[in-house]
Amino acid sequence: MPSVFIKTYGCQMNERDSEAVAAQLVAKGYALAPSESVADVILLNTCSVRDNAEQSAINKMENLAGQTRRRRPEVVLGFLGCMAQSRGRELIDRLPDVDLVLGTQKFHRAAEYLDELLAGTRDKIVDVAEEAGSEATIKEHLLHGRNANGANGANGGGHRPPLQVTAFVSIMQGCNQYCTFCIVPYTRGAERSRTIPDIVAECRELVARGVREITLLGQIVTSYGRRNFSSLAPNGGEGRGEGADAQQRVPTGKSAFVQLLEAVHDIEGLERIRFTSPHPKGYGDDLVEAYTRLPKLVESAHLPVQSGSDRILKLMHRGYTRERFTGIIGKLRRAQPGIGLTTDIIVGFPGETEADFEDTLSLAREVEFDNSYVFKYSPRRDTPAAAMPGQLPEEIIEERHARLLELINAIALRKYAAYAGRRVQILVEGPSRKNPARLEGRTRSNKIVVFDGGARHIGQVMDVRIERASNFTLYGDPAILNDEG
Ligand code: SAH
Ligand code: F3S
């Protein structure tokens, strides 16, 4: 039985893809290797969003080709995912030890290709073609228990109970927004949504296997169902014209995405729903209102803003203004005052002036995000921004990055500290990543809480009192557990 190790770079979508590939391989008789040093097949599931993500996967493969291959010449090496998609055969030209390059619409072919490579019936395989219906092929789950290594940890981590409390479900693939800095529309293709019944069936099965919280994943979930809405309505309901804007509503007043949330919300035994990432452009009032109406939809939102300058937002082709963004934030906070809000921000976009950057600082001060992912602009091949005038020198980007991060962190620490003394609901996920002797759960607002508890608490929703906060972690008081549990 050949064994496989998958190393994942990048976003939650990639984690989910790796898990689905691992589950498909297990179903075909492969074992999951506890580490790359003993694996017969080593796959790197790659990210292309910034240059450093690509470089780390390439460096890793160079290492594997140099060291692992020399010691074990029969090892099969492969690239999966976004960089595989965007670079294709070029990767084998550059790294001749690579046997397999599998694009983002071909994850479900992994077992078949690996069988051929292991049997020696084929030598090198590159498959980065488009495939109709591939959005519905990322369905399989391992559910062997959470582990920091993602798919590969599934058979490691002996101290963890064999139960997975949270799961990701991919609801759509691709993106049609074409932000000028972003490579995703090229690596992930056009928007393609799964049907509501298909997604609900997957969620139901997860809940039957013990999952309590589901995060619905897509590059731009507010566009869910926009392209193929008529095929989504379970009872042949009203269709929508091709190319209709996400802000247009079907006669019921609800977007396809909110209809999906409602359908998932109906699943008995499911405790919590999250989703990522929505786009401000398609963030309708029906979605804001869903937070007041659907108790399982927790008070947490990741809403990428990218910049606080209208001029830069326009150059980025984001499709909204700062005012529209802060308007949504205001509505969300009125709907759910305790909502946890996070965002993505890029510093150093071409042409960004000091004044533009100060608009981003002032937005961060105005909104007071619970946390933000701050990225240094990285030119991506074939994207319009890479050819724009005003590319900024490294030092300016570094300096702005440091200034913004300082502000973001100061606000975030204040927000975390404000939890001290409060009683919050957590869903207990498993042993703490920082200290496996303790347990870890998450608040509805998406903050990690570490506390003392027993294995019986895993998978439970319970209240704890927060004692203190440090380093983006809350520490819970076990006293309440003793009272009640
Ligand atoms: N809509 C997707 C975005 C995927 S990329 C989602 O949120 O799921 C994730 C983040 O990477 C983006 O929000 C953006 O902030 C950042 N990013 C994308 N392209 C980038 C680039 N060329 N340079 C720097 N950061 C980038
Ligand atoms: Fe990228 Fe913009 Fe889509 S950031 S994933 S093109 S919404």
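This is a predicted model: local features need pLDDT of at least 70, side-chain atom pairs count only at pLDDT 80 or more; totals for chains, interfaces and linings use all residues.

Mentor: Side chains of opposite charge can pair when their charged atoms come close. E131 forms a salt bridge with K106, where the closest N and O atoms are 2.7 Å apart. This pair links distant parts of the chain: E131 lies in the loop between β6 (125–127) and β7 (166–170), while K106 lies in the loop between β5 (100–102) and α5 (110–119), 25 residues apart.

How open are these two side chains? E131 has a relative accessible area of 22%, so it counts as partly exposed. K106 has 5%, which means that K106 is buried.

E131 also forms a salt bridge with R109, with 3.9 Å between the closest N and O atoms. Here too distant parts of the chain are linked, as R109 sits in the loop between β5 and α5, 22 residues from E131. R109 is partly exposed, because its relative accessible area is 23%.

Now move to E135, in the loop between β6 and β7. The side chain of E135 meets that of R192 in a salt bridge of 3.8 Å, N to O. R192 belongs to strand β9 (residues 192–193), and 57 residues separate the two partners. Both R192 and E135 are buried. Finally, salt bridges that share partners join R16, E19, K139, R194, D198 and E202 into one network.

Definitions and conventions: Residues are numbered from 1 along each chain as its sequence is written. Chains are lettered from A and ligands numbered from 1 in the order in which they are written. Side-chain values use heavy atoms; hydrogens and water are left out. A salt bridge is a side-chain nitrogen of Lys or Arg within 4 Å of a carboxyl oxygen of Asp or Glu. Helices (H or I, at least four residues) and strands (E, at least two) are DSSP runs, numbered from the N terminus. Buried means under 20% relative accessible area, exposed over 50%, partly exposed in between (1.4 Å probe, protein chains only).
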